[in-house]
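Please open the model in your viewer and keep the selection panel at hand.

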Amino acid sequence: MNKYMKLAKELARDNLKTNAGGPFGACVVKDGEIIGKGSNKVLLNNDPTAHAEILAIREACKTLDSYDLSDCELYTSCYPCPMCLSAIIWSNIKVVYYGNTREDAKRIGFRDDFIYEYINKIAKGMKDNSILELKDLNRDETIIEFEEFMDKQDKIIY
């Protein structure tokens, strides 16, 4: 077994003992060195965003003192959920190795399908208020900061 995937698996296994969260583990690797690792801590932290991939990305960013992980790879014990996929893309990671599939996660009770369906509906201009109601409010006021940002000379786009 690949040594980085082995670490992701071990981190997932630890959660079977601690009940800190679901059986998920991940690590971020740069140039053969592990720079971030995480296991699911949703229950321990009472934080729905404390997924293994997110925690591994946060630690890697701290290690590198950068928000850009473009030269890194991520190893995870399971196919990333939509939130984690987004974080991976935002962090510029270009390669992800995963063990278990989305279907495996669904089989043990983790339900990501409704999120993918919701995003697909939004992409088609449809709404599904039973999952989430999105309402625009006060754009005429909030656009001011966007316009000021657009004119900034020292802005950083990430």
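How many residues of the lining of the second largest pocket are nonpolar, how many polar and how many charged? In this predicted model, that lining divides into 8 nonpolar and 2 polar residues, with no charged ones.

To see them, select Pro48, His51, Cys81, Pro82, Met83, Leu85, Ser86, Ile115, Tyr116 and Ile119, which line the second largest pocket. The elements that give two or more residues to this lining are α4 (82-90) and α6, and the largest share, 4 residues, comes from α4.

Next, move to the largest pocket, which holds about 330 Å³ of space. Of the 18 residues that line the largest pocket, select Phe24, His51, Cys81, Phe110 and Asp112, as these lie nearest its centre. Two or more residues are given to this lining by each of α3 (52-64) and α6 (113-123). Here the lining residues divide into 13 nonpolar, 2 polar and 3 charged.

Finally, select Ser91, which you will find in the loop between α4 and β4 (95-100). Is Ser91 buried or exposed? With a relative accessible area of 5%, Ser91 counts as buried, because the cut-off for that term is under 20%. Displaying its side chain shows that it reaches the backbone oxygen of Ile88 at 2.9 Å.

Key: Residues numbered from 1 in each chain as written. Predicted model: local features only at pLDDT ≥ 70, side-chain atom pairs only at ≥ 80, totals over all residues. Heavy atoms only, no water. 1 Å grid on protein atoms, 1.4 Å probe; cavity = no way out; pocket = protein on both sides within 12 Å on 5 of 7 lines; lining within 4 Å. Points joined across faces, edges and corners; volume = space filled by probe spheres on them. Nonpolar A, V, L, I, M, F, W, Y, C, P; charged D, E, K, R; others polar. Buried < 20%, exposed > 50% of the residue type's maximum accessible area, 1.4 Å probe, protein only. Polar contact = N/O pair within 3.5 Å; in protein donor to acceptor, adjacent residues only side chain to side chain.
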